[in-house]
Amino acid sequence: MLVKAYGAYAADKPLESLEIRRRATGAHDVQIDIAYCGICHSDLHQVRSEWEGTQYPCVPGHEIVGRVAAVGDHVQGFKPGDLVGVGCIVDSCKHCAECADGFENYCDGMVGTYNGATADEPGWTLGGYTQKIVVHERYVLRVSHPAEQLAAVAPLLCAGITTYSPLRHWNAGPGKKVGVVGIGGLGHMGIKLAHAMGAHVVAFTTSESKRDAARELGADDVVVSRNPDEMAAHLQSFDFILDTVAAPHDLDAFLALLKRDGAMTLVGAPATPHPSPNVFNFIMKRRSLAGSMIGGIPETQEMLDFCARHGIVADIEMVRADEINAAYERMLKGDVKYRFVIDNATLAG
Ligand code: NAP
Ligand code: ZN
């Protein structure tokens, strides 16, 4: 089946309208009419081959929501009309220890929603900037938010789970002081989620203009990280810091804010490395530095249900397909509060 999409033919070319082919709906597949797709900074890293290895044409998009259009003969959990989502994972080996534990995100055979190996045409996966996607039922999530919130649910499929998973893993909750660094798509979800989990939340931003806005998201305090005095006021006080920044920066400035046994997790994935942190910042207070990648499928469902229960969605700005390139430039400047979401109906032209 041929569908309209938006993608790029080379790292240095803008995205443009194109047609792609979706496979026929197999026995375990769910065919989805995509209503909206969020624009993640990873889409930009990938489409410009900043992580290298991008295959073209590249159709990004892994914050996908829509309605089930058809299901395969063996699918029992979904039916046409259901509100569903697809995140960053569309396949995995299904039998390793990671898959057995519901950590498909850490399976060596994990297939990303775009630029992943597949038998489908053209040989690599094509993401959510398109009208339809066909996905094995295991990787389809159920959306229980009201239908009118659907566009704002889209970013939960990546920004939501990527922040929820480490916050849960490092026990963000009542009595814990949690920092969130970078108030973009991921960071603004991190603030909302940590607040809903009951933690005391401090937002770190390089943008003075986000100072008041961050409080509205649920931050108890906001620090403009360029200001050394504001940073010094929080020395050795954090249980956990989640760093979502999309560019290399000084990690020591944040490690110094962790108290004894505190941990910082990096989820931002810059194209070039951070300067190496000072080993004494780990030794002196038994601090840890960790990483985390999206989340497993059961955990993603748990996050969506948590968000529906707590009335949490992303703060979004809707764009048409022909505005995607401009949205990328604004995202690079941090000029979005806080996630662009594509209205996929505009792909038809
Ligand atoms: P985003 O919306 O662009 O937000 C990144 C934020 O980082 C900016 O809003 C900005 O916040 C801050 N920042 C500070 N200095 C920056 C600089 N020089 N360049 C860019 N940003 C700077 O991006 P996102 O979609 O949240 O993604 C953030 C990073 O996480 C990306 O690298 C993305 O690839 C990665 N990611 C990782 C995973 C994973 O599984 N680990 C999943 C999804 C995304 P302030 O204005 O508040 O300073
Ligand atoms: Zn993403």
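Isoleucine 32 stands opposite valine 68 in β4. The model is predicted, so local features need pLDDT of at least 70 and side-chain atom pairs count only at pLDDT 80 or more, whereas totals for chains, interfaces and linings use all residues. Residues are numbered from 1 along each chain as its sequence is written, chains are lettered from A and ligands numbered from 1 in the order in which they are written, and side-chain values use heavy atoms, with hydrogens and water left out.

- Helices (H or I, at least four residues) and strands (E, at least two) are DSSP runs, numbered from the N terminus.
- Two strands pair if DSSP finds at least two bridges between them.
- With strand β4 (residues 64-71), β3 pairs in the antiparallel sense over 7 bridges.
- Strand β8 (residues 132-136) runs antiparallel to β3 and is joined to it by 5 bridges; here valine 30 has valine 135 as its bridge partner.
- Strand β17 (residues 339-343) pairs with β3 over 3 bridges, again in the antiparallel sense, and valine 341 is the bridge partner of glycine 38.

- Histidine 62 lies in the loop between α1 (41-47) and β4, and cysteine 158 in the loop between α3 (150-153) and α4 (159-169), so the pair ties together parts that are 96 residues apart in sequence.
- Histidine 62 and cysteine 158 are both buried.

**Cysteines**

- The count of disulfides is 0, a disulfide being a pair of cysteine sulfur atoms within 2.5 Å.
- The sulfur of cysteine 37 is 9.6 Å from the closest cysteine sulfur, in cysteine 40, which is too far for a bond.
- Cysteine 93 is also in no disulfide, and the nearest cysteine sulfur, that of cysteine 96, is 3.6 Å away.
- Cysteine 37 counts as buried because its relative accessibility is 0%, whereas cysteine 93, at 26%, counts as partly exposed.

**Salt bridges**

- The structure holds 22 salt bridges, each a side-chain nitrogen of Lys or Arg within 4 Å of a carboxyl oxygen of Asp or Glu.
- Aspartate 261 and arginine 286 form one of them, with the closest N and O atoms 2.5 Å apart.
- This pair links distant parts of the chain, with aspartate 261 in strand β14 and arginine 286 in the loop between α9 and β15 (288-291), 25 residues apart.
- Arginine 286 is exposed, at a relative accessible area of 56%, while aspartate 261 is partly exposed at 35%.
- Arginine 330 forms a salt bridge with glutamate 317 (2.9 Å, N to O) and another with aspartate 335, where the closest N and O atoms are 2.9 Å apart.
- Arg23, Asp29 and Asp120 are linked in a network of salt bridges.

Terms used:
Buried < 20%, exposed > 50% of the residue type's maximum accessible area, 1.4 Å probe, protein only.
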